[in-house]
Each structure stands twice: as C-alpha cells, then as structure tokens.
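This briefing is for a reader who is new to the structure shown below. Please look at the sequence and the model before reading on.

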Number of protein chains: 2
Amino acid sequence: MKLVPIESHANPLLKKVRSLNQRSKRQRLALFLLEGAKLLNEALDKGVGIEAIIASQSFFKEGLPGTDQSNFDSIFIVEDKLFLELNTTATSCGIVAVARIKPSSIDQVLIDNQTLFVIGDAIQDPGNTGTIIRTAAAFGASAVILTKGSVDPYSPKVVRSAMGALFSIPIIFDLEVNEVISHLAAFKIKLVALEPSAQTVLSQIKQETPIAYAFGNEGHGLSQSLLASADFVVQIPIKSTTESLNVAVCAGIVLFSHAQHVNLGLQKLN
Amino acid sequence: MKLVPIESHANPLLKKVRSLNQRSKRQRLALFLLEGAKLLNEALDKGVGIEAIIASQSFFKEGLPGTDQSNFDSIFIVEDKLFLELNTTATSCGIVAVARIKPSSIDQVLIDNQTLFVIGDAIQDPGNTGTIIRTAAAFGASAVILTKGSVDPYSPKVVRSAMGALFSIPIIFDLEVNEVISHLAAFKIKLVALEPSAQTVLSQIKQETPIAYAFGNEGHGLSQSLLASADFVVQIPIKSTTESLNVAVCAGIVLFSHAQHVNLGLQKLN
C-alpha cells in the first residue's frame, strides 16, 4: 500500500472531495463520497470503482481500524485539521473515499430483469430515500427508479442510510415521470400506486410480477400522471385518518406483502 | 389572545426553552418542545397540555400562518434574533411551544388495554424511534415501551419524526428490560422478539393478541434477556445475508402482518 501525504488545503484531490458535497459536482464528475470504513469495505466488496482513499493522520496512526487494507492500492494521508475541512457529514470517521457512480439506464435494466421495481416519486428526505433503497435491495427488487425532483441518491446522507444497498441494486434517477410511465408500459409492467386515500386496499389486488410499486413525495404524494397511469391505486389500511405511515415503512410493507405472494427466492439468513 | 412581548435573552421562559434541548431538563421539568405550527395544532387537538407558545416577531407579523389561533390563550412574541437563539432544530418554523409530558405507567396501560405492544430496546436513532411510534399508532397499538438506553422520545427529533403520533399513543420509557419482561409475564402477554438470525420466520408463528413485539438496537440487536424470555424469536425473510432491514421498516412489516391476522378495527381512510 502506497502512502501519499497531502499537506495543503489547496490540493486538487481535497478540492475535489470538498466539491462532492454538491449535487451538481457529483453529477458532472460522476463521483460520490463514501464515508467511514464500513461503507468503504462494502463498496470494495461489491466492486464499486474507487478513485481515491483519504484518511486523517490520527486514523492512520491508529492503524486504520475497521478497514480491509489488503484492498487498498494507495492511500492519501492528511492532517486532522485538513481532514475536518473536507466537511463531510462524518468527519469523525477518519476515512473517506471518492467512488465512481455506475450509471444504470432504465432500458438496460428492463432488458436484463423485469421482475420487481420500486419507484420513488420526488421523495425529499435522504433518510427515507436511503431506507427505500435498502429495503428494495433486501427484497430483491430489480431496480429503484427515482423521478426528477427526488433527493440525489448519491448525497452523503442517502449513501449512509442505504447502508451499502446502493452498491447491490441498480439505481435509475433523474427520470421524468412520463419516461417512467412509457417504459413500464412498453415492457407491460403493471404499475401499482400507493396513495393513502385510495378506494382499494393492498390485499385486494393480485401482487404478481412483473410489477412496479410507486411511492410518492412525503407531503404531496404521487404525481397526478403516475396516479392516472396506474393499473391499481391502493392504500395500506391503518387506524384512522389522523395517522399516516412513513413512506419507507410503506415501501417495506408493500414489498413484504409482495414477497408473501410471489416466490422471490428469499432465504432465511442462516 | 393576549400578546406578551419578551425582549431579553435572560428572560426565564426563554431560558427554560433553551434548557429543554437537554434530556435531563426535560425529564426534571416533565416538559418538552413542540416545533412548528403543524405539531402545535395536533397537540392542541389531542389535548396535550401547553404551558407557553412563543413566536418570532416576523412569524407573528405574517399572521402566524398555519396556526389555529382560536386555541391560543396567550402568545409570547420575541425578536427574530432571540428566537434564533432558542437553538431549536426548527428555528425557521417561527413558532415553538412548551408542552407537558403526560406520564404513562406500564401498570396503568396494562390494566387499561392489553392488546398489542411495541417494544423498542435501546433504539438509538431519533428518526427510527419517531417512525416506530408513528407506525405503532397507525396500527392501533396499545402502547410503545422504550427500554433504558433508548433515545429520549421527547427529544425534538423524535417528536418531529413521530408526526403527532406521540400525542395519540401512550409512551412508556426508561424501563429496565427486566421490568418489561416481568410485567408482560404477569399479564400473560406473548413476547415475540425480532432477530435477523432467528431460525423461525414471522409467518410460522400465530400472531394473536395479547402480544408484544420487541425490536432491538440498530447495531447490537435485542438484549440477551429479552431474547431469552421471548415466546418466539423470529426473522423477516430477506434476500441474503448482505442485506438487512431498517428497524422501523421491520416494525412496520410486523405490525402489518399482525393486522392481517387479527381484526384491529383498522379502517380504510375514506
């Protein structure tokens, strides 16, 4: 493992890391940040392209705890003060990596595998988005599709709450709602829209593949065009009008219910 | 509605509000903070005791948008600068209230209603805790029980992610695990422990009331004593060992599955 010291705030790599807190920069460079040893290990395991690994001096002196250094070709070491200036959401973790975004196209995903899709329509909360990605991966979904207006799936908070699932399921993002609708129709994939005020409850429909489940924005719900194009608009029955379900919890319930009806090849964990 | 201006940082009410960011102060005073018009309205609707309502000058000048002022006896108005110094997590909301914590005792709850309990065992993340409370309320649980070592359910982040559910379901907190176990046993309530490595899957057990479902800490899972005392230790089948479910998603799935087996009187929303 080659050690490369960096001593200046103006170093181009550090400048790049700092810029990756911005969505526009992540998009333009097709790069994102991995924070902490755990995420970095998972990314390396799953074959995510890593452009650079950067550790703080004190994390390096501790022996890079929790990391799998056999996978590191080289590592950049920066003073603690410079590391803090990277201004990541987890500066206390001592290690960050610059990773490559692997683009997924909806056409390719639909050609490869047409089983189970999860659509997030303009979901705003990074925690909800990450949890939906994690849940979709856990239930073996073919892909997660995020419409334009959704939070960036490569923002550090989403990456963190997806807990590595981001590396194991294709994420298609920044798609216009109408593009989503036309692609699903072209491949004859049933569209099920989740909407708290629906007349039909989830258990009343046949959950069979190929299928796509759409979950809407936390405040405003699903786009009108997604609702209008859905084969079924359903709700999950809950106690009364004063309560509601969190969107990621809703996705978990729907995918669990789906798995009860369709053999997804889910295994017991041991 | 009486208007009371406050002009000093040293004002005792503002001091109290600032102190309520600390768990120890919330506990000692049995008070917590409500941030924003929406939460305040819900709290007033549900009969939560409100000790004081404080708005920023500019929020007041805008006409207190989103609030139901017919419910306000008096309101404290503070300069924007002083309002910002309250250092709440939602200073941009323009309005906060000091609300009374209504204590729930496990004995009283068990005497009143012995149907469906949700136990959070040392859950750390405020978002997860709030979402579990919200989900438990949505599925009509009798109470949420949080063991010692859990995040404070009255911390501003939990209050926010519970979305008002905190006011509609009894929350019992700071209970030793052994107290929880002995109370459930005394009332012959079946204890189901959720554990990803369990040999039994959720669908293999009979989900019937009275029942308590226990969900563990995000990193370490359930306490040994809860696992040892459980009538059933179960898992939700997912794709493979590399993935896992978020604890609030897990709670949502379990409660949904419970509702499929037991008539909880859930209604369609319209």
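The model is predicted. Chain A can be laid on chain B with an RMSD of 0.0 Å. Between them, chain A and chain B bury about 3,600 Å². Over all chains, the whole structure holds 12 salt bridges, but the count between chain A and chain B is 0.

**How the two copies are related**

- Two copies of a chain are related by a rotation about an axis and a shift along it.
- The same surface serves both copies, as 100% of the contact residues of chain A recur in chain B.

**The surface between chain A and chain B**

- The size of an interface is often given as the accessible area lost when the parts come together.
- Of the roughly stated total, about 3,600 Å², 57% is on carbon and sulfur atoms.
- In residues, 41 of chain A are in contact with 41 of chain B.
- There are 6 residue pairs in polar contact between chain A and chain B, counting pairs with both residues at pLDDT 80 or more.
- Salt bridges between chain A and chain B number 0.
- Three elements of chain A each supply at least two residues of the side that touches chain B: helix 7 (126–138), strand 10 (200–201) and helix 11 (247–261).
- Helix 11 of chain A gives the most to this side, with 7 residues.
- By class, the side of chain A that touches chain B has 18 nonpolar, 18 polar and 5 charged residues.

**The salt bridge of Lys16(A) and Glu51(A)**

- Lys16(A) forms a salt bridge with Glu51(A), and their closest N and O atoms are 2.7 Å apart.
- Lys16(A) is in helix 1 (residues 12–19) of chain A and Glu51(A) is in strand 3 (residues 50–56) of chain A, so the pair ties together parts that are 35 residues apart in sequence.
- Lys16(A) counts as partly exposed, at 27% relative accessibility.
- Glu51(A) is also partly exposed, with a relative accessible area of 36%.

**The salt bridge of Lys16(B) and Glu51(B)**

- In chain B, the side chains of Lys16(B) and Glu51(B) meet in a salt bridge of 2.7 Å, N to O.
- Helix 1 (residues 12–19) of chain B holds Lys16(B) and strand 3 (residues 50–56) of chain B holds Glu51(B), so this pair ties together parts that are 35 residues apart in sequence.
- Lys16(B) has a relative accessible area of 27% and is partly exposed.
- Glu51(B), at 37%, is partly exposed as well.

**The salt bridge of Arg160(B) and Glu35(B)**

- The side chains of Arg160(B) and Glu35(B) meet in a salt bridge of 3.8 Å, N to O.
- Arg160(B) lies in helix 8 (residues 156–162) of chain B and Glu35(B) in strand 2 (residues 31–35) of chain B, so the pair ties together parts that are 125 residues apart in sequence.
- Arg160(B) is partly exposed, with a relative accessible area of 36%.
- Glu35(B) counts as buried, at 9% relative accessibility.

**A network in chain A**

- Lys16(A), Glu51(A) and Arg100(A) are joined into one network by salt bridges that share partners.

Conventions: Residues are numbered from 1 along each chain as its sequence is written. Chains are lettered from A and ligands numbered from 1 in the order in which they are written. This is a predicted model: local features need pLDDT of at least 70, side-chain atom pairs count only at pLDDT 80 or more; totals for chains, interfaces and linings use all residues. Side-chain values use heavy atoms; hydrogens and water are left out. Copies are superposed by least squares on the C-alpha atoms of residues with pLDDT of at least 70 in both. Contact means heavy atoms within 4.5 Å. Buried area is the accessible area (1.4 Å probe) that two parts lose on being put together, summed over both. A salt bridge is a side-chain nitrogen of Lys or Arg within 4 Å of a carboxyl oxygen of Asp or Glu. A polar contact is a pair of N or O atoms within 3.5 Å; within protein, one must be able to donate a hydrogen and the other to accept it, and residues adjacent in sequence count only if both atoms are side-chain atoms. Helices (H or I, at least four residues) and strands (E, at least two) are DSSP runs, numbered from the N terminus. Ala, Val, Leu, Ile, Met, Phe, Trp, Tyr, Cys and Pro count as nonpolar, Asp, Glu, Lys and Arg as charged, and the others, Gly among them, as polar. Buried means under 20% relative accessible area, exposed over 50%, partly exposed in between (1.4 Å probe, protein chains only).
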